[in-house]
Amino acid sequence: MSMVYDEYGRPFIILKEQQAKARVKGTEATKSNILAARSISNMLRTSLGPKGLDKMLVSPDGDVTITNDGATILEQLHVDHQVAKLMVELSQSQDDEIGDGTTGVVVLAGALLEQAEVLLKKGIHPIRVAEGLEKAADVAMQTLAEIAEPMDIAVNNHAALVATAMTTLSSKILHQHKHKMADIAVRAVLQVADLERRDVNFEHIRVEGKTGGSLEDAELVNGIVIDKEIAHPQMPKIIEDAKLCILTCPFEPPKPKTKHKLEIDSKEAYEQLYQQEQEYFRDMVKKVKDSGANLVICQWGFDDEANHLLLQNDLAAVRWVGGVEIEHIAMATGGRIVPRFEEISAEKLGHAGRVKEITFGTSDERMLVIENPVNTTAVTVLVRGGSKMIVEEAKRSLHDAMCVVRNLIRDNRVVYGGGSAEIACSLAVSRFADTVTGVDQYAIRAFADALDDIPLALAENAGLSPIEEVAAAKSRQVKEKNPVIGLGMDVMNEADGYHSADMRELGVFETLIGKQQQIQLATQVVKMILKIDDVISMGPQ
Ligand code: ADP
């Protein structure tokens, strides 16, 4: 899919010859940029929140992705317009830094642009608008820091972490199994987390997907899971106290190079050569066995004859293991990668409590699980699902949840979701606007209105009447003040009447750094767009 816009931001199809040098200036330029950016945010707006809808994206070669993750949607769209691309990057940078809130940040930027457009129409200079927005953003950031509450994240208190991870998962395909998935995400992150340094190394967490089964079957494996099987069906499928020899050289006798010729002119000569090869191979197997290994992990293949010989020698083996997996296995089992047979020795072996081959249902698909390796900070989440699309979306969602848990380990302060934090900030920003006497106050008020767009979108996507709901929540926040600052849209509640509820009781949390990052990034991009007053595009030479 390729989106092309004219200078006013309207989508159209380009005919190459007509593309001459084009130029748009002044407010026209700003307006057309705003239009282009908003076409992106309008698209994502319906995906926000637990009741948000999914998008189906079809790539040129027919691969289908179904997702409601903002960053993933925008990544797959090939957006052409320069300013629309800024929105794509916006979502990407939220994803890189925080990992969650990628839809929210784009929706917020869109709302800010919508408000800014009104101000420009009124004749307020874009720079004044940008400055006003900046001041308002500062107030919003402060407010967030004030309403944030520290969360108890001791290693033995999972409940709080799980609740936050669940908020992230509630908008995803996984939401029916969100408790289990959140629990898996938390346990995986805590296993590899360095709580003293408040850091989590995601390299130690692998997420493997296998089509089949249901999302419910996802499990956390203490170790590594690779998509390979034991080379011979008669080799043992479970190897206790495994000692792994990790090879990156082929497990076969060396082949004569093509430029040398070997002439065999008699049966005896052939037999002799055959015997020699066998001897050579037996020697290789012996070297491995002598080192004490009981499992060979080989980056290359070996032929059936070699396979048979390994079986005869009681040596289990796995062939064609990819380079990345080899490294992971070596890291987890504490083994060294051996590039040449001469270098095999006992101290280079990796160790694991158990290696087993697992099968799935009635299919003949198999995977290899390396459990309890010496290095206990290696974990794998095995995700199952009815189709490849579901598995892929589940992997993405799980990644979001793990990012949230990691963010909490870095900074354990949380704010409340369901738009409640935005409403609280919006109220604070409006109060601040009343104290400003200059033209800036318009932009500051506009910022407050833009913040309301998040709860509005959440309510709208859940089929509620957005204006009434948000107005009710706002008035309750003003009246009841603390400690009901957590009042937001209870979009999961299907009863009649108003749906504002205390998000603290419902356990809908978001990380403070995630929310702050959203406000900061969205404001930055909007300021950048407002400051462009001349777009000169060169046609092809
Ligand atoms: P993002 O990609 O930005 O994380 P999501 O589609 O995951 O977007 O939606 C996140 C929004 O949904 C947040 O504003 C969050 O507070 C809200 N949300 C999540 N769970 C609930 C819930 N149970 N009730 C109300 N709002 C929720």
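## Overall fold

Among the contacts in the chain with a separation of 6 or more, 76% are between residues 24 or more positions apart. What you have here is a predicted model, and its chain contains 16 helices and 23 strands. Along the principal axes, the C-alpha atoms fill a box of roughly 100 × 65 × 40 Å. The chain has 541 residues, and 45% of them count as buried.

## Confidence

The average pLDDT of the chain is 86, and 94% of the residues score at least 70. For the model, ipTM is 0.97 and pTM is 0.81.

## Around the ligand

Which residues come nearest to the ligand? Of the 27 residues around it, these are Thr103, Gly104, Ser171, Gly417 and Gly418. Sorted by class, the shell holds 15 polar, eight nonpolar and four charged residues.

Two helices each supply at least two residues of this shell: H4, which covers 102-122, and H13, which covers 440-461. The largest share comes from H4, with three residues.

## Strand E19 and its partners

Now to the strands, starting with E19. Strand E19 (residues 413-416) runs antiparallel to strand E6 (residues 149-150), and two bridges join them. Within this pairing, Glu149 has Val414 in E19 as its bridge partner.

Strand E19 also pairs with strand E22 (residues 509-511), again antiparallel, through three bridges. Here Tyr416 stands opposite Phe509 of E22. As a general point for reading such strands, side chains in a regular strand alternate between the two faces of the sheet.

Is Lys267 buried or exposed? Lys267 counts as exposed because it has 8 C-beta neighbours inside 10 Å, and the cut-off for that class is 12 or fewer. In the secondary structure, Lys267 belongs to helix H8, which spans residues 267-290.

How far apart are Lys267 and Arg45 in sequence and in space? In sequence, 222 residues separate Lys267 from Arg45, and from C-alpha to C-alpha they are 77 Å apart.

Note on methods:
Residues numbered from 1 in each chain as written. Predicted model: local features only at pLDDT ≥ 70, side-chain atom pairs only at ≥ 80, totals over all residues. Near = placed C-beta within 6 Å. Helix = DSSP H or I, 4+ residues; strand = E, 2+ residues; numbered from the N terminus. Nonpolar A, V, L, I, M, F, W, Y, C, P; charged D, E, K, R; others polar. Buried ≥ 20, exposed ≤ 12 C-beta atoms within 10 Å, placed from the backbone. pLDDT = per-residue confidence, 0-100. Contact = placed C-beta atoms within 7 Å. Pairing = 2+ DSSP bridges.
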